[in-house]
Structures are given as structure tokens and as C-alpha cells.
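Take a look at the model below.

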Amino acid sequence: MDLFRKKPLVAPLSDNAGNLSKTLGALDLTTLGVGAIIGTGIFVMTGVAAAQHAGPGLVLSFVLAGFACVLSALCYSEFASTLPVSGSAYAYSYVSFGELLAWILGWDLVLEYGVAAAAVSSGWSGYFQGLLDGFGVHLPTALSGAYNADKGTFINLPAVIIILLISYLLTRGVKETARFNAIMVVIKLSVVLLFIFTGVFYVKPENWTPFLPFGFQGVVNGAATVFFAYIGFDALSTAAEEVKRPQRDLPIGIISSLAICTVLYITVSLVLTGIVPYQSLNVSDPVSFALRFVNQNTIAGLISIGAIAGMTTVLLVLLFGQTRLLFAISRDGLLPEILSKVNAKTHTPVRSTWVVGGIIAVLTGFVPLDRLANLTSIGTLFAFLVVSLGVIVLRRTHPDLKRGFRVPWVPFIPLLSAAACGYLMYNLGRETWIGFILWLIIGLLIYWLYGYKHSKLNRK
């Protein structure tokens, strides 16, 4: 029983045979990356991370998390430009480490994208209901949240509806999806810049003292928490088979979107903690709260619209990444092959899109998701760690392989990336680790009962 059989390097390249439509360019990928990254992290998690972990030192938390992401982004860029196929880290691991670790990583990414989408849709619902309340429209309590007998809620209807609407959009074609995303990105970037240029006039430097109220460990804990804010840029690599010039455009899209968002995160966290004392930021809408704090209520209302647009694009890219991941795993036989069927008209995996949308809609509609952000973070960090080490392995096993982008200073940069991700994983809580390990055990059972027997490597 060969659990570490590797997919031949020619195989993933031959998978890119034309079923999916090649329509995306560097600008499309950059806007998809910004769409994926700026959302719940900037509009929701900044306040909690400042109040509970880092204080004004939140800016250093974003720098630390961003540093880990930049290192990982370099590694992703080399893989994406070398193996331009759907599946992201799953596909890279298949040729670097073998089938078992590829499956573990693929199953890990199912957790990352699925749970993140469910958690973000829950946050989207909160902002949307707040916007409706501002117009005097109130949803019945039973339809306003996941099942909770004490609160009288039964289903989070807005969250279910937005997931199903985005699933429908994804079935229409990747170019249509990219256009919609670009419009939403313009809206949310405009709102973020509006907050920065309005809020900077209300900054009080004394609010930045003490700068590290929880010490440097608080900064590290804050970095592990806000890492959730960076999740999404890796989903760009799942679009590789739909990119016109993947060797050139994927590295540009990954690195430029991450750079743009890191600068915005650092700037917003400085302004936010300068307007409001960090102790008061433990709220669900910190950016809007900060503007209400200085009586800028009209602009605070616009921020809510930007938050809705921001979380819509995050959902779009997460669901996109999830469907392409399942497409790749199914094509290899590790999941039922029905998930890799591509619609002849729209050139999209329609069935896997509706399977993903249906499962996430049920999850976000009925299950409380208060503690899932860290579970998503540990899944992402694990994927980044494995991809970083995979660069070293592929450099040694296939040194002459043509690479559209090369990570500098190998193995130093990949090892530093892996160490940074491992350190942030270490600083996540015990509950998060238990949930992560249980998820991996379930995945191993599925591989043992189905994946190994049906793998296409068994047919060769």
C-alpha cells in the first residue's frame, strides 16, 4: 500500500486540457485577491484583536501576520507559475510529497474555505440586518440567526440567501464573476479610504499609549487572530487553469493584492486605535463604531455598505476556491467524479458549485459560528507551511523545471516562511488544535474508505 505515491509532474500539466475557460488576466487576479482579503478582517476582527490581545500594538500584529503571508506568497507564486493547474496547495503537494499528504492538505483546505465562507456569511448577515434596521425594516427573530432556543432564532436567512446567490453567480462563468467582484472591490476600497481620510483628523496620539498594553506576547496572539484577515490570496492559485498567462499573471496577482491589503490593514489599525481607546473596541463593527464615536454618523452608515460589499467579495472568492479545489480532488478520483464535471456552456463545475453552496448554506443557516475564525486560521497556516517546504523539495527533485517565478534565497526564505507559520499555529488555543486534529482524523477515514481505492493512480 503506497500512501506516498506521487503524481507525475507531466500529469498535473496535462490536466490543464481546456475544460475550463481561460479568461482571467493579472488585473482580474489582483482584484480577486483584494476581494478575498479585505472583508471580515478589517471590518470586524480589528476591534476584537485590539481590545483583547494587542491594544494599539495591533499594527505590529498586522505587520507580523503580513510578513508571514508575504513569505508564503512568494512560495505560492513559484508553485503557481510552475504548475498552473486547479487545486492550489493540494496539487503542489501531490507532486512534491505524495498522495497522502496531498489529500490531508486538500481536506485541510476544504476546512479553510468552507468554514471561512460560513463565518463570513454570518458576519455579512449581521451588517445587512443592521442596514435594514436603519431603514426601519426588521426581520422576524426566528429568521435572524442560527438555531438558538434561548434567543428564539431558528435560521440565519440572510446568510443562506447570500450564499445561494453567490453560488448562482459562480455557475454563470468566471468572467462574469470577475466583473461583479471588480465592482464590489471599487466600492469597498472607496469606503476604506473614506474611513482613513476622515478618521485621521480625529486621531489622538495619547490613545496609542501604552502602545503594548499586553506586551509582545499580546502582539503575537493578535497576529495569530488577525491572520484570518489575510485568508484568501492563496485561493487565487486555484484559478490557475482559467488564467490566460498563468506563469506571469499569477505571481503578479498574488503578490500585488497582498501588498495592497497589508498597507491598508496597517493604516486602518493605526487610525482606528488613534480615534478610540483600545479598551472600547470590543464590538462587532469597530470601523463604523469609531466614526460614531466622533459623531460622524452619516459616514459610519456608508462604512456599513462598504462592509457588506467587502464581505460579499470575500464570499465570492472563498466559494470559487472551494469549488475549484473539489474539482481538482475529484478529477484525481479521491472524491466522486461527479464533482469534476464541467458545464459545456458556461465552462464551470456547476455541480460542485451547488454542492459547496448547499452545504455552506446549511452550515451558516443553522449552526452558530462564533468560534470558527481560529479554526480557519490554523488550516490556512498549515497549508502555507506545507507549500513553503514543498518549494525546497521541488527545487531538489526537479531542479531544471521551467519556473515563471523563482523564490529568492532558497532554502532560507521557504524555511523562514514555514517557521513563521508554525510559530503562529503554536500560538493558537487548545480548542483550535483539538478541532483541527479531529477534522484531519475524519479526512483520513474518508481517504482510507474511499480515496485510496478510487485514486486514478491506481489505474496506471
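The largest cavity has a volume of about 70 Å³. A cavity is a set of points on a 1 Å grid over the protein atoms alone where a 1.4 Å probe fits but cannot get out. Its volume is the space filled by probe spheres set on the points, which are joined across faces, edges and corners. This is a predicted model: local features need pLDDT of at least 70, side-chain atom pairs count only at pLDDT 80 or more, and totals for chains, interfaces and linings use all residues. Residues are numbered from 1 along each chain as its sequence is written, and side-chain values use heavy atoms, without hydrogens and water.

**Cavities**
- The structure holds 3 cavities of 30 Å³ or more.
- Residues lining the largest cavity (an atom within 4 Å of a point) include Ala36, Thr40, Val120, Phe228 and Leu318.
- The lining of the largest cavity has 9 nonpolar residues, 3 polar and no charged. Nonpolar covers Ala, Val, Leu, Ile, Met, Phe, Trp, Tyr, Cys and Pro; charged covers Asp, Glu, Lys and Arg; the others, Gly among them, are polar.
- Helix 2 (26-37), helix 3 (40-54), helix 6 (99-134) and helix 12 (297-331) each supply at least two residues of this lining.

**Fold**
- The chain has 16 helices and 0 strands. Both are DSSP runs, numbered from the N terminus: helices are H or I with at least four residues, strands E with at least two.
- Buried residues (under 20% relative accessible area, 1.4 Å probe, protein chains only) make up 59% of the 460 residues.
- Along its principal axes, the C-alpha trace spans about 65 × 50 × 40 Å.

Notes. 1 Å grid on protein atoms, 1.4 Å probe; cavity = no way out; pocket = protein on both sides within 12 Å on 5 of 7 lines; lining within 4 Å. Buried < 20%, exposed > 50% of the residue type's maximum accessible area, 1.4 Å probe, protein only.
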